[in-house]
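Colleague: I would like to learn how to read a protein model, feature by feature. Could you take me through this one slowly?

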Amino acid sequence: MKKFYKKRFALTDKGASNLTKASLSSFFVYCINMLPAILLMFFAQEVLEGIDKSKGFYTIISILTLIVMYILLTIEYDKLYSTTYQESADLRIRTAENLSKLPLSYFSKHDISDLSQTIMADIEGIEHAMSHSMPKVGGMVLFFPLISIMMLIGNVKMGLAVIIPSLFSFIFIPLSRKYQVKGQKRYYDILRENSENFQENIEMQMEIKAYGLSEEIKEKLYKNMDKSEKIHLKTEKTNILIMSLSTIFSFISLALVILVGVNLIINKEINNLYLIGYLLAAIKIKDGLDASKEGLMEIFYLSPKIERLKEIQNQDLQEGDDYNLQKFDIDLKDVEFSYNKDAKVLNGLSFKAKQGEVTALVGPSGCGKTTILKLISRLYDYDKGQILIDGKDIKEISTESLFDKVSIVFQDVLLFNQSVMENIRIGNQRASDQEVKRAAELANCMDFIEKMEKGFDTIIGENGAELSGGERQRLSIARAFLKDAPILILDEIAASLDVDNEKKIQDSLNKLIKDKTVLIISHRMKSIENADKIVVLENGKVESTGKHEELLEKSRVYKNLIEKTKMAEEFIY
């Protein structure tokens, strides 16, 4: 049962084990709930037969039954709620850990709202089912065969009168599983689509208002919501029909027990107490099955959510061994990579970036410059070839070991809704306040930080909403100064800086890059003319390598880039 629960509901080992215990607890509760009816039947029989010497015995048994019921209900409560809520927390933590080990390529193909819904809403649904449905269904699966055998031993005809309608009432639910899951999947998908649309429109409010798209977007959102509600209503109608048919058979079981029982009494095959006993059993079984049917339908409702969770859990993780890297030359050998199967971004690319040198990557848009930086930092994993650091393939190095040696400053800066101090400290969590301030000085951040009301303690808003593009970029550069890693990756860091600030940043970088392996991308060709090596890219391959003067002579692509840069600089609006 534990293996089934773990596989079927994407639970942890501990969660599957606790759910098994909860199911067993529910089974024993079902059993003990039948005992009062059985005791009542035997007691009534002895009273009708004039036997009164067993009153003390029944009193003791009744008290013991109540005590056992209390103990079992307490255990069931603990297993149903306390342990399942812990599993909910464990599932969220495990899912978050899995996400942290996935390559960036996974996130580029999945919307953030979808992932957040999985961690919060989907796991919350599983939590509710674990505490209310799964154990009840599991307990009934164990209880029903046992009580059926007992009833058949007591009287075959009366037993069949209870069992057959009860089975028919229950069997409608699993038989309709395909239709229920299909409907719930459609509803689940469109809800996710609506959630993604809402998030996108909230994030793009400035563009929507600027281009007068408010009414058009509003109409589209309403249309999608209407569509989702139609699908929801259709799904619920199907569920109501299934549940109605099932409920009819539940009541038929009671009627059939009375009909068969009366007939057997007339034929003197059983007495009145047998009829009462089997009728009580039928009522108990009906109540248990009704709860189990509702639980099973809830489980079917969860199927898309469980499959989504399994998808995350079964993704290939970025794994590797911990290494203490000592040398930091980066050697790319015949590297191939594509974001999708249709078009290769890199196709057999090879070059070497040496420690203590600045290697600049240049080329027309779409040639793979930023992709190379993402592969070297293992934010993505390449398809073929090798990328070696200290002679080791980075796919064999754990991401923790690799990230510890890499500082990255990308063109698109991401900041947290925290203080300036804590946003810079992300570069090195162990850094003191003085070290953070020193990094801010090197990155030329002090001019705007000192103007803030609370200085380094100022909260900068979600993704640095309170800052300009250049200020956000400089905070990102300060992180790299603070981390002081031996490999430094710079992707268009001057894109949001004015000329004055760019000069100051370059002066600081000259101090930072000493003895480091530096890879840089810049569309400002002037800024990379003094690089130790310039790698010219075209169509995902290396077109040429060398210094500035060499490339002007031998590289068609580089010469063309220089000419276009010069034309852009001379352009007058």
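Predicted model: local features only at pLDDT ≥ 70, side-chain atom pairs only at ≥ 80, totals over all residues.

Colleague: How do α6 and α11 cross, and within what distance do their axes come?

Modeller: Two packed helices are described by the angle between their axes and the distance between the axes. Here the axes of α6 (residues 134–154) and α11 (residues 272–313) come within 9 Å and cross at roughly 155°, where axes are lines fitted to C-alpha atoms, for helices over the stretch in contact, and angles run from 0 to 180 degrees between N-to-C directions. Helices are DSSP runs of H or I with at least four residues, and strands are runs of E with at least two, numbered from the N terminus. The two helices are therefore roughly antiparallel (angles over 145 degrees).

Colleague: Which residues of the two helices make the contact?

Modeller: With contact meaning heavy atoms within 4.5 Å, the residues include Met140 and Phe144 of α6 and Ile285 and Leu289 of α11.

Colleague: What is the strand order of the open sheet?

Modeller: In a regular strand the side chains alternate between the two faces of the sheet. This open sheet has 4 strands in the order β2-β1-β4-β5, with antiparallel pairing, and two strands pair if DSSP finds at least two bridges between them. The edge strands, β2 (346–353) and β5 (392–393), each pair on one side only. Strands β1 (residues 330–337) and β4 (residues 384–389) are joined by 5 bridges, and Lys333 stands opposite Gln386 in β4. Helix α12 (residues 369–376) packs on the sheet and touches β1, β2 and β4.

Colleague: How many residues lie between β9 and β10 in their hairpin?

Modeller: There are 2 residues between them, and the strands pair in the antiparallel sense over 5 bridges.

Colleague: Is Asn444 buried or exposed?

Modeller: Asn444 is buried (under 20%), with a relative accessible area of 15%. Asn444 is found in the loop between α15 (433–442) and α16 (446–449), and has a positive phi of about 65° although it is not a glycine.

Methods
Residues numbered from 1 in each chain as written. Heavy atoms only, no water. Parallel < 35°, antiparallel > 145°, perpendicular 65-115°, else oblique. Buried < 20%, exposed > 50% of the residue type's maximum accessible area, 1.4 Å probe, protein only.
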